[in-house]
Amino acid sequence: MDTHGPWATSTRGQMEAGGITRRQAASPTNFSNEHEDAFMTMATQILKTDEQKAICDSEHPLLVVEANAGAAKTTTAAMKINQLIAEGVDPGRIVALSFSAPGVQAYRDAFKRIGMSLAAAKAVQVGTFEDFCASWLMRLEGLEVKRPTRPEEVRAFVLAAIPGARVWASDRFNLELSIEGSGELAVEGLLYEFGEIKGSMQLLRQGEYFQISPECAVEIGRSFTTLAIYRAYEKQRCVSVDADSEQTKFRYSGDATYDLARILEADDPCFTWETNPLRLGLQAVFLDEMHDTNWAMFTVLKQLLQFNQGASFLGVGDRDQVIHAQHGADAYFMGEGFDTYIGKPERLPLTESYRFGGAISQPLAGFSAKNYAANRAHISRVEVKKTGSALDVLALINHAMTARPGLQPDSPKSQLAVLLRNPSASVELEHALRERCIRYQTIDFTTYLERSEVLFVRLLLGWAVGLQEPFRTGIDALAKRATWAFLSANASVTAEEQTEKSLKVNGASLKHFLEYMLPDALGINDPRATRYLYTSVDDAVRRRICKAIDLAASDDIHCLAGVFDFLDIGNLARRVYVKEQEAEDARASVTGLLKASEKYVSISQFMRSLMAHDYEARAARFAGDRIILSSIEAVKGLEFEHVIVPDVNATDFDGDSRDERNLFYVAASRAKTMLTLTYRAGHPSSYLRHFESN
Ligand SMILES: Nc1ncnc2c1ncn2[C@@H]1O[C@H](COP(=O)(O)OP(=O)(O)OP(=O)(O)O)[C@@H](O)[C@H]1O
């Protein structure tokens, strides 16, 4: 067995997909030599509590620990791994799985915290469930299958499935699908449902005689239209080669786990007991974020334990942290489901939070309606602040860094984290931070300077006012691709034609693009020119962009609002992004840009100021010495000394939806010493009432 682990930790969200940049890769954990010293020095002696000892010493083959956020679940899992290694278990035969990339990072952090040796930490196979499944599929199939992560990358397959499903439904059931036109606006909802169907293995669990029909759709609570399109989509994704085999074209998020689960559950599997892909000779399996388990994961887990007899299991989770319900995540698999399908585990407690003290655990207890004890020795603080603008949040950040009410005297700035519900909310804040030379690192989203819509706007404005060099090199290619994505979305040309033109655009230098391609696409070059790209841009879009460019050419900063009105980014973005929220984020980013522009005298001056920040945004040398700006999802399992959660407003964070409440619970439980919650005057979220008295 490969002792370095057979699978790589995937990056969360690709930087680029069809010219679009929204989410950035979370920084991968690196155990290279240059980090070796840091690895050792970060280790502090943590003494096991009695509860932790009980978990580490338990000889029961199946252990499940359900405990609150910060109650030391990951740390205890790391302690048990360390103990097994000390007892002679080969670390290469220990698998430590998690649902998300931050969960993987949390294992790595815990290994450091407990002082695990670097060699052992490197040898343990740590990764996400999805990456684990993808790697074993690759071994089984002998080839690497593409793994798109952006919905835009699979949109064409969903759209292509609709006509196929229409014909099938009308031939077979004489039925019309209840979907209008091309279905462009339905892609987001369809992908969401496909994720649920696969995560919960809903169709496969109906048994071998299940066939998609209008009656069966009603029985399982889905629309027939969705099921018919799902069927056609899956037929494109997994193409039948002959009666017994299929070739998988791609695996979107969650598909690797689903595909491995259905292969394992097949009536006529392509392997025997001896050659089962999960017979890995494992001695221990760990699962963090167990609350995010769905049927597909559970199926793989069940077989993993079955085919590695003698391997012990420890699963840890907290049912209030389920924020991936769209993948069919269900805390049932930590409880009754586990007992029924795998076996009765020993359930051991971790009762106290070791991350924070009572000042944070008590309001969290009220918010989540459960007992939440905290270690008495741990002192923490909560403050709730009213803010009027991004500048008020900036002032709080400044105070947090200078007066350090939550930071230890010698802590790096990265112990201060600002957790954002919507990354688009960060444009003004980011701009203000840059202007004050406060360095920050964005996690899980792209800095506003490099977001597709901002690059698109910057390129057009720079061109309109005749800036020779609108960007620092390095993001030229991103800007060109983003611009092309916005220009060409929804043009009525064939997909092949579009791909061919995109390739040409990608291959051109920015200079060539600006001098020839952009004028060609907009029809503002020599009328005798070929107009090769012209047909790729919708007429109405072209007219609007031309008007915007004409207006911006005045270089008058006061025209910017009018320029943005012509561009109507929200509408354009709806053609580019599959998710409505991302289109809305794009609109909000450009609104943020407009606000940030207010103190400049001309468009060119504003553009130059943005360009000056490009370099810093990419400078890796400040790593570790920057505050963190992150989405909430990306810090699940992680912790910081001081956490600021801006915009806990009734419009942003409220309501009874489980995902909504759990997202807030995750955000509020990341702080070790100090938690600052802010809200817009007059719009506090009802969630805050639990925290205000502190
Ligand atoms: N025995 C101990 N003594 C002191 N501190 C401890 C001990 N065990 C764990 N901790 C500390 O408790 C904090 C929370 O631990 P950990 O991240 O493992 O919690 P968790 O339950 O996994 O949290 P989450 O649910 O947010 O993922 C860490 O700072 C860790 O160092």
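What distance separates the centres of domain 3 and domain 4, taken over C-alpha atoms?

Analyst: In this predicted model, the centres of domain 3 and domain 4 are 37 Å apart, taken over C-alpha atoms. The domain assignment places domain 3 at 358-421 + 632-692 and domain 4 at 448-618. It also gives domain 1 as 33-146 + 259-350 and domain 2 as 157-195 + 204-252.

In total, 22 residues surround the ligand, and the closest are Ala72, Lys73, Thr74, Thr75 and Tyr354. Helix 3 (73-86) and helix 4 (101-113) are the elements that give two or more residues to this shell. Sorted by class, the shell has 9 nonpolar, 7 polar and 6 charged residues.

Turning to a helix pair, helix 21 covers residues 539-552 and helix 22 covers residues 560-567. Their axes lie 8 Å apart, and the packing angle is about 170°. An angle over 145 degrees counts as roughly antiparallel, and the two helices are therefore roughly antiparallel to each other. On the helix 21 side, the contact is made by Arg544, Ile545, Lys547, Ala548, Leu551 and Ala552. These meet Gly562, Val563, Phe566 and Leu567 of helix 22. By class, this contact between helix 21 and helix 22 has 7 nonpolar, 1 polar and 2 charged residues.

Terms used:
Residues numbered from 1 in each chain as written. Predicted model: local features only at pLDDT ≥ 70, side-chain atom pairs only at ≥ 80, totals over all residues. Axes fitted to C-alpha atoms, helices over the stretch in contact; angles between N-to-C directions. Helix = DSSP H or I, 4+ residues; strand = E, 2+ residues; numbered from the N terminus. Parallel < 35°, antiparallel > 145°, perpendicular 65-115°, else oblique. Contact = placed C-beta atoms within 7 Å. Nonpolar A, V, L, I, M, F, W, Y, C, P; charged D, E, K, R; others polar. Near = placed C-beta within 6 Å. Domains from an automatic or database assignment.
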